[in-house]
Amino acid sequence: MTSDSNARKRRAAEAALAYVRAGTIVGVGTGSTVNFFIDALARGTVRVSGAVSSSNASTARLRAAGIEVLDLNEVGSLEVYVDGADEATRARHLIKGGGAALTREKIVAAASKQFVCIIDDAKLVTTLGRFPLPVEVIPMARRYVSSRLEALGGRPVWRQGVVTDNGNEILDVHGLSITDPVGLEREINQIVGVVTVGLFAARGADVLVIGTDKGVDTL
Ligand code: 5RP
């Protein structure tokens, strides 16, 4: 990753602060873009009363920044969830899960009134699928789910050595050109053994904040 792409990620992450109200509990995603958002929160210009985290990695970074991390079950619902993505369209459909945190990310997104997605402009695409689609699977179902994903025209590759925070495995599905993200999300979710597909289309982002060389664009 170039320092330019880091600068664009940082711009998007810092712009997302405008969506967070002081004194509220914010939902926090996972990844290098979100790390810039956590760093911005840590500077305290917007003082939140706590965060709900989507991964062990973000929990550790939030706690190191002195931000209390709460259980979603205690909090119930959130005003705002801020998270990155691996690919996004102008319709705000997303591919997520490059960091293997897709299941908790989808849960926190679902429990939030507003999902603010922060990306750098290299991730904006016309059609999702150039980035291999992550699918979290129950370990014993990996081979079965792979065969079903092949029947859908994809080429699933086991992300060996990666165990999710939920104790599961990831298949990265190559070779898909996703022209119907809502339909494919529904279809893959129906496969027995799939925990979560990294398509965020039925509930995509509400706001897409795109870091560019010049500043930020918002969709
Ligand atoms: C983690 C994710 C991340 O949001 C996605 O991988 C983007 O990461 P980064 O900000 O490091 O490019 O979905 O599961």
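Reply: Helices and strands here are DSSP runs: a helix has at least four residues, a strand at least two. By that count, the protein chain of this predicted model has seven helices and 13 strands. Its radius of gyration is 17 Å, close to the 17 Å that the globule rule gives for 219 residues, so the chain is as compact as a globular protein of that length. The C-alpha atoms fill a box of roughly 50 × 40 × 30 Å along the principal axes.

Now to the ligand. The space it takes is the second largest pocket. Around the ligand stand 17 residues. Ser32, Thr33, Asp86, Gly97 and Lys123 are the closest. What kinds of residue make up this shell? Three are nonpolar, eight are polar and six are charged.

In the side chain of Thr33, an N or O atom lies 2.6 Å from an oxygen atom of the ligand. Thr33 is also among the closest residues named above. For the side chain of Lys9, the distance from an N or O atom to a ligand oxygen is 3.1 Å. Ala101 uses its backbone instead: a polar atom there is 3.1 Å from an oxygen atom of the ligand.

How much of the ligand does the protein cover? On its own, the ligand has 380 Å² of accessible area, and the protein covers 91% of that.

Methods. Residues numbered from 1 in each chain as written. Predicted model: local features only at pLDDT ≥ 70, side-chain atom pairs only at ≥ 80, totals over all residues. Heavy atoms only, no water. Near = heavy atom within 4 Å. Polar contact = N/O pair within 3.5 Å; in protein donor to acceptor, adjacent residues only side chain to side chain. Areas by Shrake-Rupley, 256 points an atom, 1.4 Å probe, with all protein chains shown as cover. 1 Å grid on protein atoms, 1.4 Å probe; cavity = no way out; pocket = protein on both sides within 12 Å on 5 of 7 lines; lining within 4 Å. Sits in = over half its atoms within 2 Å of the grid points. Nonpolar A, V, L, I, M, F, W, Y, C, P; charged D, E, K, R; others polar. Rg over C-alpha atoms; globule rule 2.2 N^0.38 Å.
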